[in-house]
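Let's take a walk through this model together. Have the sequence and the 3D view ready, and follow along as we go.

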Amino acid sequence: MSSKLPAALSATDEDITLLLSAQSHIGTKNCDKGMIPYVYKRRPDGIHVINVGKIWEKVVFAARVIAAIQNPNDIVVISARPYGQRAVLKFAQHTGAQAIAGRFTPGSFTNYITRSFKEPRLVIVTDPRVDHQAIREAAYVNIPVIAICDTDAPLRFVDVAIPGNNKSRHSIGLIWWLLAREVLRLRGTIPRTPDGWNVMVDMFFYRDPEEVEKVEEVKAAAIEGVDAGAVAAEWDPATGGGTVAVAADNIDWAAEPARSSDWAAEPAGGTSGWDATTGGW
């Protein structure tokens, strides 16, 4: 695969395999006019296939733009699409950017009275169609925009388009992971080696809340089973754990001395402190 990038920035076989495994190259049946240069071919079923080499080139290009921002806090990453919310939060955590996961409050870039008002130097969005409000406001105040664009994505007001499948949870997470890794490499935070960054790409994938609850329930059940087994082993008579109970069964309660009920036999020098002659204590 021919590439215009230097050898240090070229994609490895592992990177290309990840992009193909996550189906980042699978587009839609519709194709916007501006996305035609990124399309490799159209399948017989009408699905457009994105050029994987173009995906990597634009990821590196976008990372170079991000690394040029001196203050990472001046970068805002946005995702109203649920599949990209965890990815933008992780990207912001590792790169120091600000994340807006969920609904974008109108006026965040234009109305300085709002609490969520921000003045970023760069905006990165997951889907230009869903995050159109953020892109429009960024255009009003001359903020450059980087966007992950599918074949049917509108490119108006988008300065850097990263072609890729932005409708799959694995594809979105992988592109954000590659972008974060490349930014950290360009900043010199991590080395450019295969094992230089120990963060798994799975951390950027969307997780269904129901699946998370099921996993937690399975873990809780396993922990309860271990605890029950430990208690049973602790009180197992075969291991000597039941000696206390056996000893309690062998106690002869009838042999216990009976308490005397003759109050007249109580010693005169009792501790009651009652004086019969004075009638007081």
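The lining of the second largest pocket has 4 nonpolar, 1 polar and 3 charged residues (Ala, Val, Leu, Ile, Met, Phe, Trp, Tyr, Cys and Pro count as nonpolar, Asp, Glu, Lys and Arg as charged, and the others, Gly among them, as polar). A pocket here is an open set of points on a 1 Å grid over the protein atoms alone, where a 1.4 Å probe fits, with protein on both sides within 12 Å along at least five of seven lines; lining residues have an atom within 4 Å of a point. The volume of this second largest pocket is about 150 Å³, a volume being the space filled by probe spheres set on the points, with grid points joined across faces, edges and corners.

Keep in mind that this is a predicted model, where local features need pLDDT of at least 70 and side-chain atom pairs count only at pLDDT 80 or more, while totals for chains, interfaces and linings use all residues. Residues are numbered from 1 along each chain as its sequence is written, and side-chain values use heavy atoms, with hydrogens and water left out.

Now for the largest pocket, which holds about 350 Å³ of space. Its lining has 19 residues, and E14, W177, R181, R185 and P194 lie nearest the centre. Two or more lining residues come from each of α1 (13-21) and α5 (helices are DSSP runs of H or I with at least four residues, strands are runs of E with at least two, and both are numbered from the N terminus). By class, 10 of the residues lining the largest pocket are nonpolar, 4 polar and 5 charged.

Stay with α5 for a moment. The axes of α3 (residues 82-95) and α5 (residues 169-187) come within 9 Å and cross at roughly 10 degrees; axes are lines fitted to C-alpha atoms, for helices over the stretch in contact, and angles run from 0 to 180 degrees between N-to-C directions. That makes α3 roughly parallel to α5, a label for angles under 35 degrees. On the α3 side, the contact (heavy atoms within 4.5 Å) includes Y83 and F91, and on the α5 side W176 and L184 are among the residues taking part.

Next comes the open sheet: 5 strands in the order β4-β3-β5-β6-β7, with parallel pairing. Its edges are β4 (98-101) and β7 (160-163), each with a single partner strand, so one side of each has no neighbour in the sheet. Inside the sheet, β3 (residues 75-79) and β5 (residues 122-125) pair over 4 bridges (pairing takes at least two bridges found by DSSP), with I75 opposite L122. Helix α2 (residues 52-67) packs on the sheet and touches β3, β5, β6 (145-149) and β7.

Last, look at the hairpin. Strands β1 (residues 39-42) and β2 (residues 48-50) pair in the antiparallel sense over 3 bridges, and K41 stands opposite V49. Between the strands are 5 residues, and G46 takes a positive phi near 95 degrees in this hairpin.

Conventions: Parallel < 35°, antiparallel > 145°, perpendicular 65-115°, else oblique.
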